[in-house]
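Please look over the structure below together with its sequence.

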Number of protein chains: 2
Amino acid sequence: MAAVIGSKRIRRTSEEARRQILDAAEARLTNLGPEGLRLQDIGRDVGLSHSAILHHFESRDGLVKALSIRATEQLRADVLAALATPAGKTPDATQVMQKVFEVLSERGYARLAAWLTLEHDGGNQGFSQQMIAELIRVIHSIRMEHHATAGVAPPSEEDTSNIVLLVATVAYGDGIMGHALRGAARRPDDPVARKDFRLWFGHLIQAHMDSYFPPKDAARPKA
Amino acid sequence: MAAVIGSKRIRRTSEEARRQILDAAEARLTNLGPEGLRLQDIGRDVGLSHSAILHHFESRDGLVKALSIRATEQLRADVLAALATPAGKTPDATQVMQKVFEVLSERGYARLAAWLTLEHDGGNQGFSQQMIAELIRVIHSIRMEHHATAGVAPPSEEDTSNIVLLVATVAYGDGIMGHALRGAARRPDDPVARKDFRLWFGHLIQAHMDSYFPPKDAARPKA
DNA sequence: TAGTCGGTTGACATAATTGTCAATTCGCGG
DNA sequence: CCGCGAATTGACAATTATGTCAACCGACTA
């Protein structure tokens, strides 16, 4: 929402221009939805005419595609960072999930992804095809290792898959409808409340992973 | 997608016309997103000119509002039906949640609600303000009763609130992004698979409710 | 059968948005 | 200092959406 008024023509490098435009577009998209993605408005935000945007991205669709690609890569990078082991130590599955959740839900990625996949038609692709699969693999290997060291039973791949799917689903659902839902439940919607919910959910997942004893009863949050 | 071509003017009652228009609009909205909500297209679907739609709904926004209201009421009716006790017997909390999930996620309500709340601006209202609150109350009372009869500890209201919120979030997330996510996870997306996931999730919630022992680590199983 | 109420229509007005293009001007290298 | 490439722009074209309006006509009633 920053507009330069007084000065003359500001000349940027192609990269800079593209970056600024994408930033503004992303902000508008996450705040206002696809209706807010108008070339003139974006241009005003960064102090450019809509023609300049067309110059840099060919077409409006080109802009959307570029936005989609960049968001995917950023998300991927953030998730990979979350997966990075602190120091050769095997990460905690729950913490990884927490981080993924946070990245997805908190920074508008959820809304962004939702808009993009749905504007671009439901027959989407890209965005995170292999990321989810990768995530499942990593988490599963962590669980298997935990199974070996601790006394937990070996989880099925399907179970791990379900967990990852659930976390992603909740992250998206929360990112998209969280605000409205909390309002409907008459609960606060500040960052603290959101974090509390995230933690509560994390414990739920944690408990499920810890209590994975196929033979005996499966519910005992011993800690 | 049905269009009448040959015949003359078809004259409907006001109600009929409204109903048909809303049906077509709903279909377009859930299938194509807000971009697909154009008066001409909707008109073509039901064999009316776009002027007729404006006649019945004042404006495009009036149509959207009416659509929102009708969807809310239908959703509410379905959820209330799910809450109805089979025969004076106290319903099972998990089953209720399952049903709510199914209603929300399966029939396009999720997408519909998402589009509506987001097109209408995030400062939404309506849609289910009191429904969620009501749901929380009902589920909580069920849990309290269960606590009295069985040996489960009394759950905190916050815990119940979180559960309901989680179920709603998953239902919305699944309805909106479920297809894409399952694709990304390389899992099938047929009704059976969706039901399996729903059941798995139901067990997770069930386990949480059953394993609710406050003396040790009640609402907060430690951090 | 005539008359009226209101659902229905087509032509038109209006506004907004993407896209095109020639011209402008900034910044850099020769 | 000049010239050139490239970013930037403003005017214009083309498309498309919502909304207005007068007229049309189908069904029901007196």
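This is a predicted model: local features need pLDDT of at least 70, side-chain atom pairs count only at pLDDT 80 or more; totals for chains, interfaces and linings use all residues.

Residues are numbered from 1 along each chain as its sequence is written, chains are lettered from A and ligands numbered from 1 in the order in which they are written, and side-chain values use heavy atoms, with hydrogens and water left out.

**Record annotations on chain A**

- UniProt, in an unreviewed entry, places the feature "domain: HTH tetR-type" at residues 15-75 of chain A; such positions are given in the numbering used here, with shortened feature names, and the annotations may be inferred rather than shown by experiment.
- In the model, residues 15-75 of chain A are 82% helix and 0% strand, and the end C-alpha atoms of this span lie 20 Å apart; helices (H or I, at least four residues) and strands (E, at least two) are DSSP runs, numbered from the N terminus.
- The unreviewed UniProt entry also gives a "DNA-binding region" at residues 38-57 of chain A, a span that is 80% helix and 0% strand, with its end C-alpha atoms 14 Å apart.

**DNA strand C**

- There are 23 residues around DNA strand C, of which A:Arg11, A:Arg38, A:Arg60, B:Ser49 and B:Ser51 come nearest; a residue is near a molecule or strand if one of its heavy atoms lies within 4 Å of it.
- By class, this surface has seven nonpolar, nine polar and seven charged residues, where Ala, Val, Leu, Ile, Met, Phe, Trp, Tyr, Cys and Pro count as nonpolar, Asp, Glu, Lys and Arg as charged, and the others, Gly among them, as polar.
- Helix H3 (50-57) of chain A, helix H1 (14-32) of chain B and helix H3 (50-57) of chain B each supply at least two residues of the surface near DNA strand C, and H3(B) gives the most, with four residues.
- Of the atoms of DNA strand C within 4 Å of the protein, 60% belong to sugar or phosphate and the rest to bases.
- On the base side, an N or O atom in the side chain of B:Arg11 is 2.9 Å from a base nitrogen of DNA strand C.

**DNA strand D**

- Of the 23 residues around DNA strand D, the ones that come nearest are A:Arg11, A:Ser49, A:Ser51, B:Arg38 and B:Arg60, and sugar and phosphate account for 56% of the atoms of DNA strand D that come within 4 Å of the protein.
- H3(A) gives the most to the surface near DNA strand D, with four residues.
- For B:Arg11, a polar side-chain atom lies 2.9 Å from a base nitrogen of DNA strand D.
- Phosphate oxygens of DNA strand D are approached by side-chain N or O atoms of A:Arg12, at 2.9 Å, and of B:Arg38, at 3.2 Å.

**Interface of chain A and chain B**

- Contact, meaning heavy atoms within 4.5 Å, joins 51 residues of chain A with 54 residues of chain B.
- The area buried between the two chains is about 4500 Å², of which carbon and sulfur atoms give 72%; buried area is the accessible area (1.4 Å probe) that two parts lose on being put together, summed over both.
- Two salt bridges are found across this interface, a salt bridge being a side-chain nitrogen of Lys or Arg within 4 Å of a carboxyl oxygen of Asp or Glu; one salt bridge pairs the side chains of B:Arg187 and A:Glu158 (3.5 Å, N to O).
- The side of chain A that touches chain B draws two or more residues from each of helix H6 (109-119), helix H7 (129-149), helix H8 (157-184) and helix H9 (191-210) of chain A, and H8(A) gives the largest share, 20 residues.
- The residues on that side of chain A divide into 29 nonpolar, 13 polar and nine charged.

**Salt bridges overall**

- Over all chains, the structure holds 32 salt bridges.
- In chain A, the side chains of A:Asp41 and A:Arg28 meet in a salt bridge (3.8 Å, N to O), which links A:Asp41 in helix H2 (residues 39-46) with A:Arg28 in helix H1, 13 residues apart.

Terms used: A polar contact is a pair of N or O atoms within 3.5 Å; within protein, one must be able to donate a hydrogen and the other to accept it, and residues adjacent in sequence count only if both atoms are side-chain atoms.
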